[in-house]
Amino acid sequence: MRDSNHQDHSKIIKFVFRFTSVFNVFVILLLFVNCFGSGQVVEKKPDQHIKPIVIPPQYLKPIIGRVEWVEFPNWKLKLRARIDTGALSCSINAINIERVVENGETFILFDTFVNEKPVRLKSKFVKEAKVTSTSGVSEKRIMISELIKIGKYKEETMINLNDRNNLNYPILVGRNFLRGKFLVDVSLSHQLGD
């Protein structure tokens with residue numbers, strides 16, 4: 001009697017194992033066919049409670065970093081510049097500044113540095129204006145107007161002349177050029193290429 005019960009139990013256990021493994025194979029095949037066999041992609045419907053993010057057009061602008069290359073087409077000059085949203089106007093390193101009058105117009109001659117070598121530049125004088133530095137000191141500076149190009153954007157822009165020899169970058173690009181053209185991410189640099 002005991003052997004008969006033992007045989008019955010072992011038959012039941014074998015049946016359960018066989019059934020379980022057949023069932024598992026069936027479930028796996030069913031999942032495979034549902035996921036891959038149909039060839040159809042099931043698109044998940046968006047949640048009605050989540051609104052899509054809409055970016056206003058004024059924010060669809062190129063992102064620039066804290067340092068970018070700036071070109072001056074009229075001078076055939078390309079220099080690295082610090083991007084400064086706190087500065088109202090652009091500034092260029094200038095020493096040995098001279099005013100000269102040619103044919104009744106006033107021009108400014110000054111030296112700036114490219115790879116530590118002085119380069120003599122000339123631009124039309126616009127005005128003298130009071131400029132307040134980041135340290136809060138106000139002083140009169142000569143303002144010129146030159147074509148500035150960053151990436152694909154170029155524009156005639158007012159630039160003040162300042163001795164920036166003790167600063168890391170010979171050019172500071174301020175809001176008068178940046179406004180409306182770029183978004184600035186200070187964690188980045190050279191976003192428009194080297």
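**Ground rules.** I'm working from a predicted model, where local features need pLDDT of at least 70, side-chain atom pairs count only at pLDDT 80 or more, and totals for chains, interfaces and linings use all residues. Residues are numbered from 1 along each chain as its sequence is written, and side-chain values use heavy atoms, with hydrogens and water left out.

**Aspartate 84.** I found aspartate 84 in the loop between strand S3 (77-83) and strand S4 (90-93). Strands here are DSSP runs (E, at least two residues) and helices are runs of H or I of at least four, numbered from the N terminus. I checked burial next: aspartate 84 has a relative accessible area of 10%, so it counts as buried (under 20%; exposed is over 50%, partly exposed in between, 1.4 Å probe, protein chains only). Its side chain makes a polar contact of 3.1 Å with the side chain of arginine 82. That term means a pair of N or O atoms within 3.5 Å; within protein, one must be able to donate a hydrogen and the other to accept it, and residues adjacent in sequence count only if both atoms are side-chain atoms. Neighbours within four places in sequence aside, I listed contacts of aspartate 84 (heavy atoms within 4.5 Å) with residues including Thr134, Leu172 and Arg175.

**Proline 62.** I then went to proline 62, in the loop between helix H1 (2-37) and strand S1 (63-64). At 27% relative accessible area, proline 62 is partly exposed. Which residue lies 120 residues from proline 62 in sequence but 5.3 Å from it in space? I got phenylalanine 182, going C-alpha to C-alpha. Phe182 is also on the contact list of proline 62, along with Tyr153, Lys181 and Leu183, again leaving aside neighbours within four places.

**Largest pocket.** I noted a volume of about 540 Å³. A pocket is an open set of points on a 1 Å grid over the protein atoms alone, where a 1.4 Å probe fits, with protein on both sides within 12 Å along at least five of seven lines; lining residues have an atom within 4 Å of a point. Volume is the space filled by probe spheres set on the points, which are joined across faces, edges and corners. Of the 25 lining residues, those closest to the centre are Val131, Thr132, Ser133, Thr134 and Arg141. S7 gives the most to this lining, with four residues.

**Second largest pocket.** I put this one at about 290 Å³. It has 15 lining residues, and Phe113, Asn115, Asn168, Tyr169 and Pro170 lie nearest its centre. S3 provides the largest share of this lining, three residues.
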